[in-house]
Amino acid sequence: MQNPEGHRETLHQMAAALHTEGLIDQLEQFDMNEVADAAYWHAVEELQNSPGQYRGASTYDVVQVENGKLLGTISRSIFNFESDEPRGASFPYDGKVYSDADGVRLTLGLSRKIGTISGLMLELNGRRYQLVETERVISGVDYKPIDDPDAYRAMVDVAQVAQEERDLRAFEKVRPHIESAAFCMCPACLDRFDARDDCPTCTGKGFVTKLPPAGLR
Ligand SMILES: [Zn+2]
């Protein structure tokens, strides 16, 4: 599920509409909302345990893994090369990303070459490219991913408390920003309080930048 906040909102709206129409009573509406909230927490836990995934509404830099070179950008499914490669008069853009049951694919217009996207990794012409999110739409507003370490740490702390207390309102506000941030949880200490302080990977911060410098990969 790409947008658990939106999904939960939709279910709540449906329950409210059914109640307004007189098709369910208030208790049933309350039950439906409870189910929607439980599904939300479940989806969130799944997302926390899965690597990043491609989102049609986001903007990405497409970076070659072996040398960190920028191949181009994907913005709301439209791909354009960084360089001014000829694209042919009939193409308003260089390529387009398609998602369906078979997976996510990047189809280039002029060459008709097709790349496959799994997680946030693109394979094209035998090369591997990392998709680095540079912009995301959250509740209809464009946001740049958080790249300030202090702001990120504060967000994570708020989210942890909110999750423990099942404070849905607070949690759903911060979660998309944490997910799209330039940082992710440290894979070595998993931001666990006892292991974090002595962790050489994150030097006690509990998080690392998502894209390690070229050469370390
Ligand atoms: Zn660590």
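Start by selecting Val62, Ile74, Val97, Leu106, Ile117, Leu122 and Leu131: within the largest nonpolar core, 13 residues in all, these have the most contacts. A nonpolar core here means buried Ala, Val, Leu, Ile, Met, Phe, Trp, Tyr and Cys residues joined through C-beta atoms within 7 Å. Buried means 20 or more other C-beta atoms within 10 Å of a residue's own, exposed means 12 or fewer, and partly exposed is in between, with C-beta atoms placed from the backbone.

You're looking at a predicted model, where local features need pLDDT of at least 70, side-chain atom pairs count only at pLDDT 80 or more, and totals for chains, interfaces and linings use all residues. Numbering runs from 1 along each chain as its sequence is written.

Now colour strands S1 (59-64), S5 (103-108) and S8 (127-138), the elements that each give two or more residues to the core. S1 gives the most, with three. (Strands are DSSP E runs of at least two residues, helices H or I runs of at least four, numbered from the N terminus.)

Next, click on Ile74. Beyond four places in sequence, Ile74 touches Thr59, Tyr60, Val62, Phe79, Val97 and Leu131; contact means C-beta atoms, placed from the backbone, within 7 Å.

Then hop to a second, separate core of nine residues, including Ala159, Phe171, Ala181 and Cys189.

Last stop: Ile24, in the loop between helix H1 (4-20) and helix H2 (26-48). Is Ile24 buried or partly exposed? Ile24 is partly exposed, because 17 other C-beta atoms lie within 10 Å. Draw a line from the C-alpha of Ile24 to that of Met121, and you'll span 46 Å.

Key
Contact = placed C-beta atoms within 7 Å.
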